[in-house]
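This report describes the fold and selected local contacts of one protein chain. Please read it alongside the sequence and the coordinates shown here.

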Amino acid sequence: MGNTSVKQIICGIMFNHSFSLLDDWGKIADSLLYSTNKAPNFSPQYFPSISQQYTTSRFLSNEKAGHRLELTSNNLVYTHTIQSNFEKEYKEFVSRIEKFLIPQIIEKYALITRRIGMVYMCEMDCNSISAFKQQYFAKAASEITDCRFSIRSTTPEGLLFSGIDNYINKIYTVGGVDEAFQGISFDYQLYFQPPLPSISTKIIDSFFETSKKCFFEEILKEEYRGKH
């Protein structure tokens, strides 16, 4: 789709409040930064800075590269800024979540998951942005400079199984998505109703695969060919 590049990817996991979670921040940071696991991890080089003032959130960050991990009593948000190769870095990003964040935080502290979201932030040229807007605002596409809208749909499980009301919410931010560039932010969110006491590998794999497929097909206008 024209001149388009992925600038940043963000994963957020929202869970029921755990007010004792932040008390273990030191242990959590150590487990993430100094793991002996050979998979892509959060090394001290990846996150050279750690929050010093303990308020309502804790974080690890790399201001120069644009990476950040923030933890509150009910939210975990991991941000990775693409350095050079989207496909390679996306694969490592997902691996860090599956092999580190979920087992070391979500599962270890028995957190009840309410929502997981994946954000893709893209820089686009004016023609690509205009083409996207015309899909939804045909008559006024040229007049709308910035906009934000969402589309909600029920998951297959929500349709098939009694007592499960899971749903998908897709949020599109068009225009000025960041101070540094113009483009589109695509936020793919999966809500769990009822909330999940445990996130299985199958659920996580399916979530990332579906979010990426939607991103390719709806934003990049490219055929998604599965995992690389």
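## Fold and packing of the chain

Contacts between residues 24 or more positions apart make up 65% of the contacts in the protein chain with a separation of 6 or more. The model under discussion is predicted. The protein chain has 228 residues, of which 50% count as buried. Its accessible surface comes to about 12000 Å², and carbon and sulfur atoms account for 50% of that area.

Five helices and nine strands are present in the protein chain. Along the sequence, these elements follow the pattern β-α-β-β-β-β-α-β-α-β-α-β-β-α. The nine strands form an open sheet with antiparallel pairing, in the order β2-β3-β4-β5-β1-β6-β9-β8-β7. Because β2 and β7 stand at the edges with a single partner strand each, one side of each is left without a neighbour in the sheet. In general, the strands of a sheet pair through backbone hydrogen bonds, either parallel or antiparallel.

The residue ranges of several of these elements are listed below.

| Element | Residues |
|---|---|
| β1 | 4–15 |
| β2 | 49–50 |
| β3 | 57–62 |
| β4 | 67–72 |
| β5 | 75–81 |
| β6 | 113–124 |
| β7 | 147–154 |

Within the sheet, strands β4 and β5 run antiparallel and are joined by four bridges.

Helix α2, residues 86–107, lies across β1, β4, β5 and β6, and it runs at about 160° to β5. In helix α1, residues 25–33, the buried residues are W25, I28, A29, S31, L32 and L33. These buried residues of α1 pack against β2, β3, β4 and also against helix α2.

Does Q8 count as buried or exposed, given its relative accessibility of 18%? Residue Q8 is placed in strand β1. Buried means under 20% relative accessible area, so Q8, at 18%, counts as buried. The side chain of Q8 is joined to that of T81 by a polar contact of 2.9 Å. Leaving aside residues up to four places away in sequence, Q8 touches G66, T79, H80, T81, I82, V119, Y120 and M121.

Definitions and conventions. Residues are numbered from 1 along each chain as its sequence is written. This is a predicted model: local features need pLDDT of at least 70, side-chain atom pairs count only at pLDDT 80 or more; totals for chains, interfaces and linings use all residues. Side-chain values use heavy atoms; hydrogens and water are left out. Helices (H or I, at least four residues) and strands (E, at least two) are DSSP runs, numbered from the N terminus. Buried means under 20% relative accessible area, exposed over 50%, partly exposed in between (1.4 Å probe, protein chains only). Contact means heavy atoms within 4.5 Å. Accessible areas come from the Shrake-Rupley method with a 1.4 Å probe; for residues, only the protein chains shown count as cover. Two strands pair if DSSP finds at least two bridges between them. Axes are lines fitted to C-alpha atoms, for helices over the stretch in contact, and angles run from 0 to 180 degrees between N-to-C directions. A polar contact is a pair of N or O atoms within 3.5 Å; within protein, one must be able to donate a hydrogen and the other to accept it, and residues adjacent in sequence count only if both atoms are side-chain atoms.
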